[in-house]
Amino acid sequence: QVHLVESGGGSVQAGGSLRLSCGASGYHYSSYCMGWFRQAPGKEREGVAAADRDGRPTYADSVKGRFTISKDNSKNTLYLQMNSLKPEDTAMYYCAADPWCPHPLFIMMARGSFTYWGQGTQVTVSS
């Protein structure tokens, strides 16, 4: 059974930074592609960043240059370093994983077509 647990969310002022972590268990972590998504109240879920099996990243335009996704295979952990945070980054952030990675990451992000999902961690950015 694949299990994903997010942590690292919290409240921060605009311009601040947070690092989200996603601990993974129950599968060969390094063979999966991974992603971060977010959903704000009243809005659709949005793909933020994703990494393929080799850790190569893809980012949403809204976070390019501010967020960095990384995989630590030795720790079975996915990270999302978020810098220069804005109030519009406020959302519940979810980690996702997929063993097949059937499409380019930007398509998987657009469709949300990851098989496994965590429960989410809240990020709140105040102005």
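**Core packing and positive phi angles in a predicted model**

Apart from its neighbours within four places in sequence, Ser21 is in contact (heavy atoms within 4.5 Å) with Val5, Glu6, Ser7, Trp36, Thr77, Leu78 and Tyr79. The model is predicted: local features need pLDDT of at least 70, side-chain atom pairs count only at pLDDT 80 or more, and totals for chains, interfaces and linings use all residues. Residues are numbered from 1 along each chain as its sequence is written, and side-chain values use heavy atoms, with hydrogens and water left out.

Ser21 belongs to strand 3 (residues 18-25); strands (E, at least two residues) and helices (H or I, at least four) are DSSP runs numbered from the N terminus. Ser21 counts as buried because its relative accessibility is 16%, where buried means under 20% relative accessible area, exposed over 50% and partly exposed in between (1.4 Å probe, protein chains only).

A nonpolar core is a set of buried Ala, Val, Leu, Ile, Met, Phe, Trp, Tyr and Cys residues joined through side-chain atoms within 4.5 Å. The largest such core has 40 residues, and Leu4, Tyr27, Met34, Trp36, Leu80, Met82 and Tyr93 have the most contacts inside it. Strand 9 gives the most to this core, with 5 residues. Beyond residues up to four places away in sequence, Met82 touches Gly16, Ser17, Leu18, Leu20, Arg66, Phe67, Tyr93 and Val123.

Most residues other than glycine have a negative phi. Ser84, however, has a positive phi near 50 degrees. Ser84 lies in the loop between strand 8 (77-82) and strand 9 (91-98) and, at 41% relative accessibility, counts as partly exposed. Phi is also positive at Cys101, near 45 degrees. Cys101 is located in the loop between strand 9 and helix 1 (105-111), and it counts as buried because its relative accessibility is 17%.
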